[in-house]
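Morning, everyone. I have one model to walk through, so please look at the screen.

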Amino acid sequence: MKKAICTLIASLIFTLATCSTASAVTWKLYISKYGICRVTAYSGNNGSTYGASGNILIPNKSCAASRDIPLGTELYIKDFGIVTVEDRMAEWYEEEYDDMVIDLYLESYSDACDWGMQEITVYIINDKEIIE
């Protein structure tokens, strides 16, 4: 039931947000709420880890998500930033948490351990534009 409600909510654009990157570019994000997710983290092999998308995973920019979010989808994770779905979760893990789980790809095992597990609101980015 929870997944169905979140899928319905995700189909409606409900707000605008702004997000600044390290390069001082400010984005206007057109987002829709996906839901409150269990957000965990993992790490790989020093820049040579490939995701289910076939792309090399980028620390702090790539994530794994359940199969109901298409590969290549950009997500805004509150208090973390923008990440792209490039990998998949294990099916048993998705089922355990009703598909409401995101796994961030971080720089190191230590960073992943420090992140731990957090319950965070996650948004799907429908569109974005640079604010001049």
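A word on conventions. This is a predicted model, so local features need pLDDT of at least 70, side-chain atom pairs count only at pLDDT 80 or more, and totals for chains, interfaces and linings use all residues. Residues are numbered from 1 along each chain as its sequence is written, and side-chain values use heavy atoms, with hydrogens and water left out.

Layout, then. The protein has three helices and seven strands. Both are DSSP runs numbered from the N terminus: helices are H or I with at least four residues, strands are E with at least two. Along the sequence the pattern reads α-β-β-β-β-β-α-β-α-β.

Of the 132 residues, 41% are buried. Buried means under 20% relative accessible area, exposed means over 50%, and partly exposed is in between, with a 1.4 Å probe and protein chains only. Now contacts, meaning heavy atoms within 4.5 Å. Among those with a separation of 6 or more, 66% join residues 24 or more positions apart.

Now look at S4, residues 74-77. Which strands does S4 pair with? One is S5, residues 81-88, antiparallel over four bridges. The other is S7, residues 118-130, also antiparallel, over three bridges. Pairing here requires at least two DSSP bridges between the strands.

Tyr76 has Ile82 in S5 as its bridge partner. Leu75 has Ile124 in S7. S4 and S5 make a hairpin with three residues between them. In that turn, Asp79 has a positive phi of about 65 degrees.

On to charge. Side chains of opposite charge can pair when their charged atoms come close. The structure holds two salt bridges. The criterion is a side-chain nitrogen of Lys or Arg within 4 Å of a carboxyl oxygen of Asp or Glu.

Take Glu94 and Arg67: their side chains meet at 2.0 Å, N to O. Glu94 sits in helix H2, residues 91-96, and Arg67 in the loop between S3 (62-65) and S4, so the pair ties together parts 27 residues apart in sequence. Arg67 is partly exposed, at 42%.

Then Lys128 and Glu74, with the closest N and O atoms 2.9 Å apart. Lys128 is in S7 and Glu74 in S4, so this pair links distant parts of the chain, 54 residues apart. Lys128 is partly exposed at 26%. Glu74 is partly exposed too, at 23%.
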